[in-house]
Amino acid sequence: MKITGKRAAAFLSAAVMGVTTGAVYAPAAANAPLTAFAADDCNDDWLHAVGSKLYDANGNQVWLTGANWFGLNCTENFPHGLWSADVDELLSGVADHGINIIRFPISSELLISWMNGYPYACEGLNPKNTDGYKFNPDFCHADGTEMNSMEVFDVIMQKCKKYGIKALVDVHSPSSHNSGHNYELWYYEGSSKTADDMATIKEEKYAPNAGDPVTFDDWVDSITWLAKKYSKDDTIIAYDLKNEPHGKRGYDGKSCPTDIAKWDDSTDLNNWKYASETCANSILAVNPNALILIEGIEQYPKTEKGYTFDTPDIWNAPADKSPWYGAWWGGNLRGVKDYPVTPTSGTSQIVYSPHDYGPSVYREQAWFHLDEDPTGMSFDTQSLLDEYWYDTWAYINDKDIAPLLIGEWGGHMDGAENQRWMTLLRDYMINNHINHTFWCLNPNSGDTGGLLDSQFKVWDDKKYALFEESLWQTLTTGKYIGLDHQTALGKNGLSLSEFYSSYAETEGSNINGGTKGGGHTGTTTTKTTTVTITTTEPPTTTTTTGPTSGDDIKWGDANCDGEVNMADAVLIMQSIGNPDKYGKGTDDGITEKGEKNADVFNTGDGVTNKDALTIQKYKLGLLTEFPPKNQ
């Protein structure tokens with residue numbers, strides 16, 4: 001059966017929702033500021049990966065369970081629904097419903113407008129009407145003028161902070177329009193788009209420079225700009241570098257085209273591994289604490305048979321005869337086993353993020369049809385794993401390579417196959433601690449629908465009930481667990497500190513299918529404390545005050561690479577949590593010299609998780625020297 005890529009999503013038009021589309025240009029002060037709307041007052045919520053799990057700075061395991069809210073990627077230049085719903089009511093409702101992170105799709109074009117100091121206006125937001133009543137008054141300046149798209153975004157980030165919600169920014173498309181996700185690559189320039197393509201883009205836009213090529217460098221620079229702007233504000237904890245890179249190899253026998261996403265060891269601009277590493281390095285240079293999400297592509301060659309990206313496809317070939325493994329757009333992560341994405345600072349911030357959908361999006365995918373029942377849909381968890389999930393993305397979690405976050409999953413509640421598929425994926429994610437963001441809050445997604453009604457106010461109880469079981473929550477009292485150490489998640493929620501100090505050891509949570517203790521990386525539990533840091537850059541070299549020896553100790557350099565960074569903290573936790581693989585004397589483990597360098601907390605008591613925590617505090621600027629005296 002022919003395997004096709006993920007959808008050309010038919011968003012309901014904004015006109016149906018009562019707004020006019022089209023991005024309108026509004027000048028702002030030149031040189032947009034590189035500061036967030038308001039500085040975060042704790043900056044203690046950054047996360048990192050050890051194996052397939054995510055941890056906070058104290059070594060406590062966390063689980064990202066959220067939803068998507070699109071609109072910043074579209075012509076309106078703001079999250080949809082704010083034309084009819086109050087931002088406080090909407091976000092407080094999100095928090096009260098237990099969603100601890102929101103994935104915000106955005107376009108490179110909009111980010112470029114912010115970066116260049118001329119943010120696009122919000123089209124159709126209407127924070128005040130002709131009678132002078134201010135709807136969403138926080139989107140107006142004191143003099144009554146409406147905020148531009150960047151200012152609105154900053155306000156929304158502060159509202160997320162207020163309700164204990166974290167944000168994940170997803171570069172959804174190069175161009176700002178409602179079908180921008182259809183572009184295969186993370187850029188469009190002469191090599192990847194035809195003159196007709198560019199003409200179509202220009203015709204759909206109403207802003208200066210709209211439709212101009214978004215180059216590879218534009219893509220990198222604009223998302224790096226946002227990461228720097230928010231580098232001292234841990235509201236945005238992750239960046240999804242590009243939504244659904246895709247494109248299928250042609251049938252003409254010529255070399256691999258430059259307008260499809262591939263995954264190999266080349267330095268071609270359309271090589272997603274190379275592009276991801278380049279962009280990740282740029283972001284981590286300005287914010288080493290950000291998580292970097294890497295989606296899959298659409299097709300991957302059957303390398304075990306000698307096929308490469310230069311192997312032509314075979315027209316109408318069944319899956320077992322094709323030179324390619326197919327997948328949803330953004331779904332194929334087979335390339336990780338051959339060419340893992342490895343930034344220069346290591347992989348502690350890398351999260352792989354496939355997208356996965358059920359029959360309501362495209363019911364003819366081969367893995368929905370078992371051989372013994374080719375006309376029906378008798379799939380179950382094991383058949384989905386065997387036919388698609390495991391080799392496409394689930395192996396990354398199973399083999400403890402890196403964390404997974406299913407960036408999009410969802411669909412219509414049909415009472416049949418699609419609902420059954422959503423339940424199977426939901427339960428698999430719960431039992432295997434896979435992070436996820438549901439598609440979506442918006443009701444105006446044509447092929448999935450949403451969690452909210454057409455006015456973005458009333459929740460779909462039936463769909464939410466299916467989704468709700470996959471939210472991080474305590475096992476007995478059902479309290480939702482947030483990712484902020486200080487602010488509780490909504491009315492029935494907990495802060496991360498509150499969970500680990502008062503609930504983790506008593507009732508536990510549904511993380512990993514249900515555990516007590518919450519999943520600490522070591523044998524002891526470290527309580528989170530409230531900390532405040534300055535906004536200065538963290539030091540780049542260590543100060544070797546305190547105890548010394550004749551071994552030329554470089555405090556904090558656990559991996560002995562000459563630098564002190566998050567990779568050292570990760571190695572310490574790995575050596576404690578998985579000594580068979582990372583303990584002293586193993587090929588990938590800590591060395592004797594590394595152990596001496598690592599013993600920065602209560603020097604002389606050996607390597608513990610508190611050493612890892614101390615190194616992380618140092619990198620966050622909370623400490624200025626090693627070893628600390630009494631932390």
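Me: Ser348, buried or exposed?
Reply: Ser348 has 8% relative accessibility, so it counts as buried (under 20% relative accessible area, with exposed over 50% and partly exposed in between, for a 1.4 Å probe and protein chains only). This is a predicted model, where local features need pLDDT of at least 70, side-chain atom pairs count only at pLDDT 80 or more, and totals for chains, interfaces and linings use all residues. Residues are numbered from 1 along each chain as its sequence is written, and side-chain values use heavy atoms, with hydrogens and water left out.

Me: Where is the place of Ser348, and what is it in contact with, leaving aside neighbours within four places in sequence?
Reply: Ser348 is in the loop between α7 and β11, where helices (H or I, at least four residues) and strands (E, at least two) are DSSP runs numbered from the N terminus. With neighbours within four places in sequence set aside, Ser348 is in contact (heavy atoms within 4.5 Å) with His48, Ala49, Met566 and Val570.

Me: Which side chain does a polar contact join to that of Ser348?
Reply: That of Gln349, at 3.1 Å; a polar contact is a pair of N or O atoms within 3.5 Å, one able to donate a hydrogen and the other to accept it within protein, and residues adjacent in sequence count only if both atoms are side-chain atoms.

Me: Switching to the largest nonpolar core, which residues touch the most other members?
Reply: Trp263, Tyr352 and Trp393 do, out of 115 residues in that core, a core being a set of buried Ala, Val, Leu, Ile, Met, Phe, Trp, Tyr and Cys residues joined through side-chain atoms within 4.5 Å. Helix α8 (residues 381-398) gives the most to this core, namely eight residues. Another core, of 25 residues, lies apart from it and includes Trp63, Ile101, Ala238 and Leu483.

Me: And Tyr352, what is it in contact with, leaving aside neighbours within four places in sequence?
Reply: Its contacts, with those neighbours set aside, include Trp263, Ile294, Leu333, Ile396 and Leu405.

Me: How many aromatic pairs does the structure hold?
Reply: The structure holds 33, counting rings of Phe, Tyr and Trp (its six-membered ring) with centres within 6.5 Å, where planes under 30 degrees apart are stacked, over 60 edge-to-face and the rest tilted. One of them is edge-to-face, because the rings of Trp328 and Trp367 have centres 6.2 Å apart and planes at 75°. Trp328 lies in the loop between β10 (324-325) and α7 (335-338) and Trp367 in the loop between β11 (350-352) and α8, so this pair ties together parts that are 39 residues apart in sequence.

Me: What about the rings of Phe438 and Phe467?
Reply: That pair is tilted, because the ring centres of Phe438 and Phe467 are 4.8 Å apart and the planes are at 35°. Phe438 is in strand β13 (residues 435-438) and Phe467 in helix α10 (residues 461-468), so the pair ties together parts that are 29 residues apart in sequence. Phe438 counts as buried at 0% relative accessibility, and Phe467 likewise at 0%.

Me: Now helix α6: which residues are buried, and what do they pack against?
Reply: In α6, Trp272, Lys273, Ala275, Ser276, Glu277, Cys279, Ala280, Ile283 and Leu284 are buried, and the buried residues of α6 pack against α5 (216-229), β7 (236-240) and β8 (291-294). At the start of α6, a side-chain oxygen of Asn271 comes to within 3.3 Å of the backbone nitrogen of Lys273. Trp272 also belongs to one aromatic cluster together with Trp186, Tyr187, Phe216, Trp219 and Tyr274.
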